[in-house]
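Hi,

Here is the structure I promised to pass on. My notes on what turned up follow just below it.

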Amino acid sequence: MDGLANTVQQVFNEPACGKNQGKSDKERKKGCTKALQPGAAAGGCAFDGAKIALQPITDVAHLVHGPIACEGNSWDNRGAKSSGPLLYRTGFTTDINETDVVFGGEKRLFRAIKEILAKYDPPAVFVYQTCVTALIGDDIEALCKAASARFGRPVIPVNAPGFVGSKNLGNKLAGEALLEYVIGTQEPEYTTPYDINIIGEYNLAGELWQVKPLLAELGIRVLACISGDARYREVASAHRARAAMMVCSKAMINVARKMEERYAIPFFEGSFYGVSDMSEALREIARLLIARGAPADLAERAEALIAREEARAWTRLDAYRPRLKGKRALLITGGVKSWSVVAALQEIGVEIVGTSVKKSTKEDKERIKKIMGDEAHMIEDMTPREMYKLLKDARADIMLSGGRSQFVALKAKVPWLDINQERHHAYAGYDGMVALVGEIDKALYNPIWAQVRRPAPWDTETVS
Ligand code: SF4
């Protein structure tokens with residue numbers, strides 16, 4: 001546990017994280033985790049965060065060392081897509097029971113690894129620690145080391161038991177596991193001056209596939225996406241990339257920064273949501289690659305592609321403009337989406353009545369200020385009651401959020417669109433922006449709203 005406590009402390013001291021650096025020493029020691037308010041829905045534990053961050057590596061076996069409930073909690077709740085292997089969608093757990101709690105679960109874990117390797121032959125096994133097995137003292141680091149030596153296959157410990165903190169901390173601990181045991185352990189078959197890493201992109205609903213063809217057209221190869229639609233080998237050889245883009249706001253900032261420090265891979269933070277942010281991301285990728293030795297014509301080719309794609313996107317978006325102009329949206333999300341989706345919607349004339357900034361970093365907030373002009377639109381922590389009031393008072397025509405808040409919108413009889421992790425539509429890149437606007441339009445103009453807002457017949461009709 002000492003090792004884990006050190007890693008957690010290190011992650012809290014992450015120099016590239018503005019939020020932690022802004023705190024005093026005493027505050028930083030306490031970490032970012034706040035005690036849950038009674039009645040509040042828990043936002044996911046550290047184990048959940050670690051699993052979310054790594055499960056999109058599609059060809060490895062993800063083995064949860066703990067009681068069945070932990071795996072049940074995290075399995076299959078995200079739509080991270082794969083273009084090939086499907087092993088990541090098989091739930092593996094040691095399903096420890098009372099006897100293991102008394103006598104220790106290490107033997108059971110060892111047998112599970114052996115069985116998985118024999119039956120599925122994956123390039124690696126990721127072993128996730130959970131609260132119960134951490135509390136009974138199972139040393140997954142030592143066990144994974146012994147299993148790796150015995151079976152000649154990487155067995156990676158992911159030491160992020162739920163009780164150490166939040167989902168966000170779990171994302172970072174997952175990143176630490178990759179840095180410690182995976183990245184830099186293999187070499188790519190070949191390298192090119194156009195190799196990049198994308199960090200913090202999970203290919204939800206296939207969003208990476210809306211971006212990859214554009215990069216490919218410029219000759220840019222995604223050497224590793226950490227971790228959407230990734231293969232173990234790609235992540236293991238990610239240290240040979242020339243530049244990196246960090247997508248999901250700060251979830252894996254430690255990976256981006258440490259790879260810059262260890263392997264001199266420069267990175268920038270960007271977004272694939274919205275027409276101008278997508279163009280900016282392409283420009284910045286080209287700029288970093290040229291700085292690292294790629295031919296200078298890459299910038300011109302990128303500009304030509306941007307001009308073509310922007311024109312195509314605007315032509316398709318213009319059809320929606322008169323229908324969406326002046327519509328007001330309430331955005332309950334966080335992190336990178338709190339500003340990137342704001343920018344994207346403003347581009348087509350949708351007014352933003354508010355955006356939640358609960359999970360946003362200082363940089364995210366700065367960006368929102370730049371885009372929206374004043375701070376009044378930033379909502380720090382909105383209760384469902386306040387959300388309902390805002391929607392009921394018709395200050396918003398639509399709410400965009402994750403699944404958990406959908407019932408507030410539905411109760412207020414206001415259209416709702418899922419833009420969080422369980423979404424089924426992909427919203428990245430130019431095509432994604434058109435898809436997002438199309439979905440907003442469909443939600444707003446769905447005839448069901450006129451019907452549900454009509455008073456019930458028994459309230460208006462007199463019974464004769
Ligand atoms: S908090 Fe602990 S017991 Fe609960 S799901 Fe997370 S790891 Fe499992």
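Predicted model: local features only at pLDDT ≥ 70, side-chain atom pairs only at ≥ 80, totals over all residues.

Helix α11, residues 208–217, lies across strands β5 and β6 and runs at about 165 degrees to β5.

β5 covers residues 195–201 and pairs with β6 in the parallel sense, over 6 bridges. The whole sheet is open and has 4 strands in the order β6-β5-β7-β8, with parallel pairing. At its edges are β6 (221–227) and β8 (267–269), each of which pairs on one side only. On average, neighbouring strands here are turned by 20 degrees against each other, ignoring direction.

The other item is a helix pair. Helix α15 (residues 297–318) packs with helix α21 (residues 429–444) at an angle of about 10 degrees, and their axes are 9 Å apart. Since angles under 35 degrees count as roughly parallel, α15 is therefore roughly parallel to α21. On the α15 side, the contact is made by Ile306, Glu309, Glu310, Arg312, Ala313, Arg316 and Leu317. From α21 come Tyr430, Asp431, Met433, Val434 and Val437. Which classes of residue make up the contact of α15 with α21? There are 7 nonpolar and 5 charged residues, and no polar ones.

Happy to talk any of this through once you have had a look.

Best wishes

Note on methods
Residues numbered from 1 in each chain as written. Heavy atoms only, no water. Axes fitted to C-alpha atoms, helices over the stretch in contact; angles between N-to-C directions. Helix = DSSP H or I, 4+ residues; strand = E, 2+ residues; numbered from the N terminus. Parallel < 35°, antiparallel > 145°, perpendicular 65-115°, else oblique. Contact = heavy atoms within 4.5 Å. Nonpolar A, V, L, I, M, F, W, Y, C, P; charged D, E, K, R; others polar. Pairing = 2+ DSSP bridges.
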